[in-house]
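Work through the exercises below with the structure at hand. Try each task before reading its solution.

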Amino acid sequence: MTDLGGPGDHRARGPGDGPKAVASQIADAVESLTTLWSVAAQEASLRLSPHQLRALRTVQAAPGLNLTALADGLDIGAPTASRLCDRLAAAGLLERAPHPDTRREVQLWLTTHGQRVLRDVAGRRAQALATALAAMEPAERAALSRGLRGFLAAQDTTPGAGGAQGR
């Protein structure tokens, strides 16, 4: 495994540093992060499913999008997206409004309450992550940061891997 204890010490120590071994470690870390994220979201003022949170985040990122765009963004069918929006609207988190130019189209907007809930969830998630990072040694945090930057840079240059060329 790579020694994370000292600056500039990037020597590989064995087969545990190969792409497949590191991919397995990352998968474990992502699962742990997902659990941390989920627990933080469940501690928010309003409990929402991961699917509901994704829908709200999608609307937050593209205010006024229509139901078809939401369904596409979540990779679900339009009837499922419609029922999801019904539940979110009933909870006071989402608002449906007629499109000003197309009477048949409905736009989706977060309510003030929906925006507040998303801020609460984001704050709790950030705090949970900061707590976990604070428990790491400074050199480990620095190595993680360097590794993540390297990963993102590699993603941007790898065709079909979700990077800039794969988008």
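The exercises that follow concern helix packing in this predicted model.

**Exercise 1.** Determine how helix H2 (residues 50-61) is oriented relative to helix H5 (residues 112-134).

Solution. Start with the geometry: the axes of H2 and H5 lie 11 Å apart, and the helices pack at an angle of about 110°. Angles of 65 to 115 degrees count as roughly perpendicular, so H2 and H5 are roughly perpendicular to each other. Their crossing is left-handed. Next, list the residues in contact: H2 contributes Leu-53, Leu-56, Arg-57 and Gln-60, while H5 contributes Leu-118, Val-121 and Arg-125. Sorted by class, this contact of H2 with H5 holds 4 nonpolar, 1 polar and 2 charged residues.

**Exercise 2.** Find which residues of helix H3 (residues 67-74) are buried, and how they are arranged around the helix.

Solution. The buried residues of H3 are Leu-70, Ala-71 and Leu-74. Viewed down the axis of H3, they fall within an arc of 100°, so they line one face of the helix. The partners against which these buried residues pack are H2, helix H4 (78-90) and strand S2 (106-110).

**Exercise 3.** Describe the crossing of H2 and H3 and the residues that form the contact.

Solution. The two axes come within 10 Å and cross at roughly 125°, which makes H2 oblique to H3. The crossing of H2 and H3 is right-handed. On the H2 side, the contact is made by Arg-54, Ala-55, Thr-58 and Val-59; on the H3 side, by Leu-70, Gly-73 and Leu-74. By class, the contact of H2 with H3 has 4 nonpolar, 2 polar and 1 charged residues.

Note on methods
Residues are numbered from 1 along each chain as its sequence is written. This is a predicted model: local features need pLDDT of at least 70, side-chain atom pairs count only at pLDDT 80 or more; totals for chains, interfaces and linings use all residues. Side-chain values use heavy atoms; hydrogens and water are left out. Axes are lines fitted to C-alpha atoms, for helices over the stretch in contact, and angles run from 0 to 180 degrees between N-to-C directions. Helices (H or I, at least four residues) and strands (E, at least two) are DSSP runs, numbered from the N terminus. Angles under 35 degrees count as roughly parallel, over 145 as roughly antiparallel, 65 to 115 as roughly perpendicular and the rest as oblique. A crossing is left-handed if the near helix is turned anticlockwise from the far one by less than a right angle, and right-handed if clockwise. Contact means heavy atoms within 4.5 Å. Ala, Val, Leu, Ile, Met, Phe, Trp, Tyr, Cys and Pro count as nonpolar, Asp, Glu, Lys and Arg as charged, and the others, Gly among them, as polar. Buried means under 20% relative accessible area, exposed over 50%, partly exposed in between (1.4 Å probe, protein chains only). The arc is that of the directions from the helix axis to the C-beta atoms.
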